Amino acid sequence: MSLGKFVSFEGTEGVGKTTAINGLCERLQAQGIEYVRTREPGGSPFAEQLRELLLDTRTQINDDTELLLMFAARSDHLAQVIMPALSAGKWVICDRFIDSTVAYQGYGRGFGNADMLHKIEALIAGFVPCLPDITLWLDLPVAEGMQRAGKRSVADRFEQQQLDFFDRVYQGFEAQQQAQPQRIQRIDAQGEVEQVADRIWQAVSQQL
Ligand code: T5A
C-alpha cells in the first residue's frame, strides 16, 4: 500500500495559509496528484462542530478544556479523514495541525513551562502517532499577519487575544522549527502571493 504525503501549513494569524494552500493545490492538480484539502480545528463533521465552539466568542472554557477539545477534534479528524486519505495514496494538505497546539495552547496559553509542555508532548505522542511529512511554517511578523487578517474578517475567539499572546505563539513556532528543522521548513511569507507560492513549491516538490 503506497501512502500519500501529509503536508501541514502553520503560522500565526493571517499569515496567508489559505492563500498559499490555494496555490499549492493548483500546482498539485497540474501534476495530476490526488489530494484532500482539510483544516484544523475541524476537517471532519464532528471536528467542524467542535471548531464552531472553539472559535465562537461566546464560548467560555478554561485552557485545559480548550486543549482537550483540540485533541478531541484532531482524534476524529485523523480517524475520519487524514488516515483514510493517506492510506488511499492521496496527499493530505492540512491548514494547521499539531504544531498549532504546541504554539497556541503550549506557548500562547502559558503551558510553556517545561513540566506542562512535557505533558502536552506526551499527549501528542499518545493521541497523534501521525506527524506530517513536511510542515511549512509561514513566517511573517505578527503585526503584519494581523493587518492582513483584519482586512477581511470579524475577530474569532483566538483573534481577540492581546498582541503578547501572539508574540508567544510566534516564539512557539520558531522554537519548534529550530527543534525539528527536517520536518518544519521556514517559508518567508513576506512579498507577493506568487513569490510565496514559489517558495512553497520549491520545498514541497522535493517530496515528489
Ligand atoms: N488553533 C488551531 C489553536 O489554538 N490550536 C490548534 O491546535 C489549532 C489547530 C483557527 C484558530 O484556531 C487556533 C489558531 C487559530 O486562531 P484559522 O482559521 O486557522 O483559525 O485562523 P487563521 O490562521 O487566522 O486563518 P486565516 O484564514 O485568518 O488566515 P490565513 O489562512 O493564514 O491567511 P489568508 O490566506 O486568509 O490571508 C489573509 C489575508 O491576507 C491576504 C489574503 O488575500 C487575505 O486577505 N494575503 C496576502 N496579502 C499580501 N501578500 C501576500 N503574500 C498575501 N497572502 C495572503
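Student: What makes Asn-62 a cap for the N-terminal end of α3?

Tutor: In this predicted model, a side-chain oxygen of Asn-62 lies 3.2 Å from the backbone nitrogen of Asp-64. A polar contact needs N or O atoms within 3.5 Å, so the pair qualifies.

Student: How do you know that α3 reaches close to its expected span?

Tutor: Helix α3 covers residues 63-87, and its 25 residues reach 34 Å from the first C-alpha to the last, close to the 36 Å expected at 1.5 Å a residue.

Student: Where does α3 bend, and by how much?

Tutor: The bend is at Leu-78 and comes to about 50°. After the helix comes Gly-89, with a positive phi near 85°.

Student: Let's move to α4. Why is Gln-105 called buried?

Tutor: Gln-105, which is found in helix α4 (residues 98-108), has a relative accessible area of 1%.

Student: What makes the link between Gln-105 and Glu-66 a polar contact?

Tutor: Their side chains are joined at 2.6 Å, and the cut-off is within 3.5 Å, so the pair passes. Gln-105 also touches other residues, including Leu-67, Met-70, Phe-111 and Phe-158.

Student: And α1: which of its residues are buried, and what do they pack against?

Tutor: The buried residues are Lys-17, Ala-20, Ile-21, Gly-23, Leu-24, Cys-25 and Leu-28. They pack against strands β1 (6-10), β2 (35-39), β3 (91-95) and β4 (134-139), along with helix α8 (193-205).

Student: Which glycine follows α1?

Tutor: That is Gly-32, whose phi is positive, near 75°.

Key: Residues numbered from 1 in each chain as written. Predicted model: local features only at pLDDT ≥ 70, side-chain atom pairs only at ≥ 80, totals over all residues. Heavy atoms only, no water. Helix = DSSP H or I, 4+ residues; strand = E, 2+ residues; numbered from the N terminus. Expected span 1.5 Å × (residues − 1). Bend = angle between axes of the 7 residues up to and from the residue. Polar contact = N/O pair within 3.5 Å; in protein donor to acceptor, adjacent residues only side chain to side chain. Buried < 20%, exposed > 50% of the residue type's maximum accessible area, 1.4 Å probe, protein only. Contact = heavy atoms within 4.5 Å. Lists of a residue's contacts leave out its neighbours within four places in sequence.
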